[in-house]
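Subject: Handing over the structure

Hi,

Here is the structure we talked about, ready for you to open. Have a look at it first, then read on.

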Amino acid sequence: MESMGVLMTCPMHSYIQEQLAKRFNLFKLWHFPSFVAFAQAHGTSVRAVVASVKVGVDATTIDSLPNLQIVSTYSVGYDNIDLRKCREKGIPVTNTPDVLTDDVADLAIALALSLFCTISHSPRRNSAPHLTPKLSGKAVGIIGMGRIGLAIAKRAEAFGCPISYHSRSVKAESGYRYYSNVLDLAADSEVLVVACTLTHETRHIVNRGVMDALGPKGILINIGRGPHVDEPELVSALTEGRLGGAGLDVFEKEPEVREELLRLENVVLTPHVGSDTVETCMAMADLVIANLEASFLGKPLLTPII
Ligand SMILES: O=CC(=O)O
């Protein structure tokens, strides 16, 4: 398959870059002065685009690659892929579900533990005694009860936390308490975790009202997407003490992080690294490659979104 043109939209981890380069005719978009320059020189050679959370695939890209037959994103989220355009052109899109679920759920718990137990800024031994609230037993509300939401719930259950959730539909088999309304979920939660897909409907699902309902002792954890949370409102709520704290892996305008968030004491931040473990990045890369190979061989795709 060495002749198959595969375009990477941005730098990714070394393993996926090496594996793609071994198997296909790999084009790295960032080595070209512009997309237009790339498309003029190589547009007709491209059979697949590999995207990531950093750089997705827009309608112009899809329209400029006449032989494109698959878009495969090295991520579970696909909010930065123009699905409407892909559907219109009959181009399938794949993502990397399941393989990263554990890592993202682990990070959600790590952020919560870090905030509650102030691990990340624990007092020096000889400073005044400083007590923190405990995580065990706190009421946890989860927005989104998909694979990742469920994995977070299982972990939080092990801490003795009662679990409630909001999602598009009731997941009766989960056995957790369902809220049709995020505001009510927040009011009854001490920790609110955002774990849903980013869509038009879930943009700013955590707004001022939700933050106020969570309250001055409440903790917000976001391992979903930055735009799920109204960030200026988050900064105000944290600064004014209307919200207890926030653990954030994602931000509204990545890779930028609001200056105010960096200065706040009741905040723990990680730079969108929810799936960045060695094992998971390899499994994600292998899944991207397996989808590309299936597409090139005319076989069924492993993890199609459309
Ligand atoms: O954010 C990470 C992903 O969507 O995989």
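Predicted model: local features only at pLDDT ≥ 70, side-chain atom pairs only at ≥ 80, totals over all residues.

Below are my notes on the ligand and then on the salt bridges.

Residues are numbered from 1 along each chain as its sequence is written, and side-chain values use heavy atoms, with hydrogens and water left out.

**The ligand**

Which residues surround the ligand? They are V53, S75, V76, G77, L100, R225 and H272, where near means that a heavy atom of the residue lies within 4 Å. This shell splits into three nonpolar residues, three polar ones and one charged. In that sorting, Ala, Val, Leu, Ile, Met, Phe, Trp, Tyr, Cys and Pro are nonpolar, Asp, Glu, Lys and Arg are charged, and the others, Gly among them, are polar.

Some of these residues make polar contacts (N or O atoms within 3.5 Å of each other). The side chain of H272 has an N or O atom 2.6 Å from a ligand oxygen. For R225, a polar side-chain atom sits 2.7 Å from an oxygen of the ligand, and V76 uses a polar backbone atom, also at 2.7 Å from a ligand oxygen. On its own the ligand would expose 190 Å², and the protein buries 89% of that (areas by the Shrake-Rupley method, 1.4 Å probe).

**The salt bridges**

Side chains of opposite charge can pair when their charged atoms come close. Counting a side-chain nitrogen of Lys or Arg within 4 Å of a carboxyl oxygen of Asp or Glu, there are 16 salt bridges.

One of them joins R23 and E293, with the closest N and O atoms 3.4 Å apart. R23 is in helix α1 (residues 14-23) and E293 in helix α11 (residues 278-296), 270 residues apart; helices here are DSSP runs of H or I, at least four residues, and strands are runs of E, at least two.

Another pairs D98 with R147 at 2.8 Å, N to O. D98 lies in the loop between β5 (93-94) and α5 (101-116) and R147 in helix α6 (residues 147-158), so this pair ties together parts 49 residues apart in sequence.

E240 and R242 also pair, at 2.8 Å between the closest N and O atoms. Are these two buried or exposed? E240 counts as exposed at 51% relative accessibility, whereas R242 counts as buried at 17% (buried is under 20%, exposed over 50%, partly exposed in between; 1.4 Å probe, protein chains only).

Cheers

Technical notes: Polar contact = N/O pair within 3.5 Å; in protein donor to acceptor, adjacent residues only side chain to side chain.
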